[in-house]
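User: I would like to learn how to read a few features of a protein model. Could we go through them one at a time?

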Amino acid sequence: MKKYNFNAGPSMLPREVIENTAKQILDFNGSGLSLMEISHRAKDFQPVVDEAVTLIKELLDIPEGYSVIFLGGGASLQFMQIPANFLIKKAAYLNTGTWAKKALKEAKLFGETVEVASSADANYSFIPKDYQIPADADYFHFTTNNTIYGTEIRKDPDSPVPLIADMSSDIMSRPVDVSKYTAIYAGAQKNMAMAGVTVIIVKDSELGKAPRPLPTMIDYRTHVEKGSMFNTPPVVPIYSLLETMRWVKAQGGVAEMDRRARERAEIVYGEIDRNKLFKGTAAVEDRSLMNLCFVMNEEYAELEKPFLDFATGRGMVGIKGHRSVGGFRASCYNAQTLEGVNALVQAMKDFEAEH
């Protein structure tokens, strides 16, 4: 039976990325050594890092004056590292979900924070709209896509202060005006690579202003100056990132990824709204194109597990919703195919016909 991967993360990668990475794991560049066992100082590996950085800058149209670095620790480490490096007097945060809340918690350790708005009272089912960003804030932090709750901000906000964003689950799925940002960070295990590497884009002129001594590993300047080679980087995840960036470029870049995301979402949300058994959980205007969340309508609540079993029997993997929302979650990152979303929709239609 063919499997359709809707896991929220780590998530599916393009098949050719997996195959090409696997080949290098067996024999890296004809060296007779595995990619897993080469030195990160090997002459053949530096070009991997260099090309990955070049492609990220090209695909996101990153202007001069920004550096791209690869670190470990995931976005969770960045929740602390961002304020350590950039919070001088005050930082503003938009609370739109679990990860945004965790980022705010860490920032409070480094100085004054302002929660400009929150949708927590509505179980994060929408993105707050009417809020004021303090003009004296050092930065405004927001999470672009909320994987658990299925909401997303797909445009760069207008802000009186520089932006910082956690783009872990929708980076490379749409164009971004990087010039508005002091920093962008993303755990790579959604749209960019296998798990194990975090991508950080930082504005060079904003580094070194923190009013506190920084441990060497926490200071972004350490990694910018050493080209992500200060300590041993996650070699295999970086290589898989390179292969994914090659794939994105070959497919037509982020504009094409954006088009595909909209096409997939239109198909799935169209069925959610049509089908009498299901309903969406997020405000329509804020629906994520990456994580499409839905539940059974109240009168059919008893059919939740039967549908999960039914869809699983059709090859759907990872569609169970997060416990905070329940129901179902179809994660449709860049590598998701029309075949996959159409198979899910057909399962929804067939289940409706049976009930």
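**Reading rings and cysteines**

Analyst: Cys 332 counts as buried, because its relative accessibility is 0% and the limit for buried is under 20%. Keep in mind that this is a predicted model.

User: How far is the sulfur of Cys 332 from the closest cysteine sulfur?

Analyst: A disulfide is a covalent bond between the sulfur atoms of two cysteines. The closest cysteine sulfur to that of Cys 332 is in Cys 293, at 10 Å, which is too far for a bond. The cut-off for a disulfide is within 2.5 Å.

User: Is Cys 293 buried or exposed?

Analyst: Cys 293 is buried, with a relative accessibility of 4%.

User: How many disulfides does a search of the whole structure find?

Analyst: The search finds 0 disulfides.

User: Now the rings. How many aromatic pairs does the structure hold?

Analyst: A pair of aromatic rings is described by the distance of the centres and the angle of the planes. This structure holds 15 aromatic pairs. Take Phe 307 and Phe 351: their ring centres are 5.2 Å apart and their planes stand at 65°, so this pair is edge-to-face. The cut-off for that class is over 60 degrees.

User: Which helices do Phe 307 and Phe 351 lie in?

Analyst: Phe 307 belongs to helix 8 (residues 304-313) and Phe 351 to helix 9 (residues 338-354), so the pair ties together parts 44 residues apart in sequence. Phe 307 is buried, at a relative accessible area of 0%. Phe 351 is buried as well, at 1% relative accessibility.

User: What kind of pair do Phe 310 and Phe 351 form?

Analyst: The pair of Phe 310 and Phe 351 is tilted, because the planes are at 55°, with the ring centres 5.4 Å apart. Here too distant parts of the chain are linked: Phe 310 is in helix 8 and Phe 351 in helix 9, 41 residues apart. Phe 310 has a relative accessible area of 17%, so it is buried.

User: Which residues form one aromatic cluster?

Analyst: Phe 307, Phe 310 and Phe 351 are among them, and the cluster also includes Phe 278, Phe 294 and Phe 328.

User: Which residues does the UniProt domain annotation cover?

Analyst: The unreviewed UniProt entry carries the annotation "domain: Aminotransferase class V" for residues 4-344. In the model, that span is 33% helix and 18% strand, and its end C-alpha atoms lie 8 Å apart.

Terms used: Residues numbered from 1 in each chain as written. Predicted model: local features only at pLDDT ≥ 70, side-chain atom pairs only at ≥ 80, totals over all residues. Heavy atoms only, no water. Phe/Tyr/Trp six-rings, centres within 6.5 Å; stacked < 30°, edge-to-face > 60°. Helix = DSSP H or I, 4+ residues; strand = E, 2+ residues; numbered from the N terminus. Buried < 20%, exposed > 50% of the residue type's maximum accessible area, 1.4 Å probe, protein only. UniProt positions renumbered as here; feature names shortened; annotations may be inferred.
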